[in-house]
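Biologist: I would like to learn how to read a model of this kind, one feature at a time. Could you take me through the general idea first and then the case at hand?

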Amino acid sequence: MLKANGGKVKTPAFYRHDIGVAPGRLHEPSADEEGNLWTSPLDGTLWKYHTPTGKVEILDLKALTGRDWKGLHLWPVAHGHEVYLCCPSLPRLWVYESDTKQVNQYDFPHANPEVYGGFAAKGSPWIYFYDTRAPGILKWNATSHTGTFHPCPYTLSGTLYMTFLEGKRKEIWGSTYTGNDLVRFDMEADQWTGQWKCPLEK
């Protein structure tokens, strides 16, 4: 197959590792710098999947934290040797330290948080979580474990979910659940810098 400019297009190779269990939905994974993917189903466990080997380690969160996580939606965000356990129904941020296998809790900087997930900025101490209740971006310092909340200033047509981080442009983009709004957050300026609305109602 050829590109429009005459260059060859090569189909990438895909590999499958059978994990041997079917727990239901696995939430969106987060990759760490050692080749692990972290994810979680709704059964109260945290999964560590080593991509080069296919090895799976399943951690019992109740045994680690002393509280029951079964049935809770959990979006892990990996940063360094830490995994941030984002759960929109919990009022504090729980963090798993993979070296010590300990879990610590930290306060959010704003009231009534509903933090779903986020993006770790490569090569920096910053993690950008997003809140669907407020809505807004929570800029979190992984060194001091403190954060600053930046509420979204736009009138939106629905619940805001942040969709991806563009590292070269230093931007975070998001959209409403219905897809009728696009918004942009500038990571260098710590400001919201744009909203684009779909001209169609649906």
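Biologist: How many of the residues of strand 6 are buried?

Modeller: A word on the source first: this is a predicted model, in which local features need pLDDT of at least 70 and side-chain atom pairs count only at pLDDT 80 or more, while totals for chains, interfaces and linings use all residues. Residues are numbered from 1 along each chain as its sequence is written, and side-chain values use heavy atoms, with hydrogens and water left out. Buried means under 20% relative accessible area, exposed over 50%, and partly exposed in between, with a 1.4 Å probe and protein chains only. Strands are DSSP runs of E with at least two residues, and helices are runs of H or I with at least four, each numbered from the N terminus. In strand 6, five of its five residues are buried, and the strand is mostly covered.

Biologist: Which residues of strand 6 lie on one side, and which on the other?

Modeller: In a regular strand the side chains alternate between the two faces of the sheet. Here Glu82, Tyr84 and Cys86 are on one side and Val83 and Leu85 on the other, and both faces are covered. For the protein chain as a whole, buried residues make up 41% of the 202 residues, and the secondary structure comes to one helix and 16 strands.

Biologist: With which strands does strand 6 pair, and in what sense?

Modeller: Two strands pair if DSSP finds at least two bridges between them. Strand 5, residues 75-79, pairs with strand 6 in the antiparallel sense over five bridges, and His79 has Glu82 as its bridge partner. Two residues lie between these strands in their hairpin, where Gly80 takes a positive phi near 60°. Strand 6 also pairs with strand 7 in the antiparallel sense, over four bridges; Leu85 has Trp94 of strand 7 as its bridge partner, and the hairpin of these two strands has five residues between them.

Biologist: Where is the largest cavity, and which residues line it?

Modeller: Rolling a probe the size of a water molecule over the atoms shows where empty space is left. A cavity is a set of points, on a 1 Å grid over the protein atoms alone, where a 1.4 Å probe fits but cannot get out, and lining residues have an atom within 4 Å of a point. Grid points are joined across faces, edges and corners, and the volume is the space filled by probe spheres set on the points. The count comes to one cavity of 30 Å³ or more, and the largest has a volume of about 30 Å³. Its lining consists of Leu85, Cys86, Cys87, Leu90, Arg92, Leu93, Trp94, Phe108 and Val115. Strand 6 (82-86) and strand 7 (92-97) are the elements that give two or more residues to this lining, and strand 7 gives the largest share, three residues.

Biologist: Which strands stand at the edges of the open sheet of four strands?

Modeller: The order of this sheet is 1-2-3-4, with antiparallel pairing. Strand 1 (30-31) and strand 4 (55-60) stand at the edges, each with a single partner strand, so one side of each is left without a neighbour in the sheet. Within the sheet, strand 2 (residues 36-39) and strand 3 (residues 45-50) pair in the antiparallel sense over four bridges, and Asn36 stands opposite His50 in strand 3.

Conventions: On a 1 Å grid over the protein atoms alone, a cavity is a set of points where a 1.4 Å probe fits but cannot get out, and a pocket is an open set with protein on both sides within 12 Å along at least five of seven lines; lining residues have an atom within 4 Å of a point.
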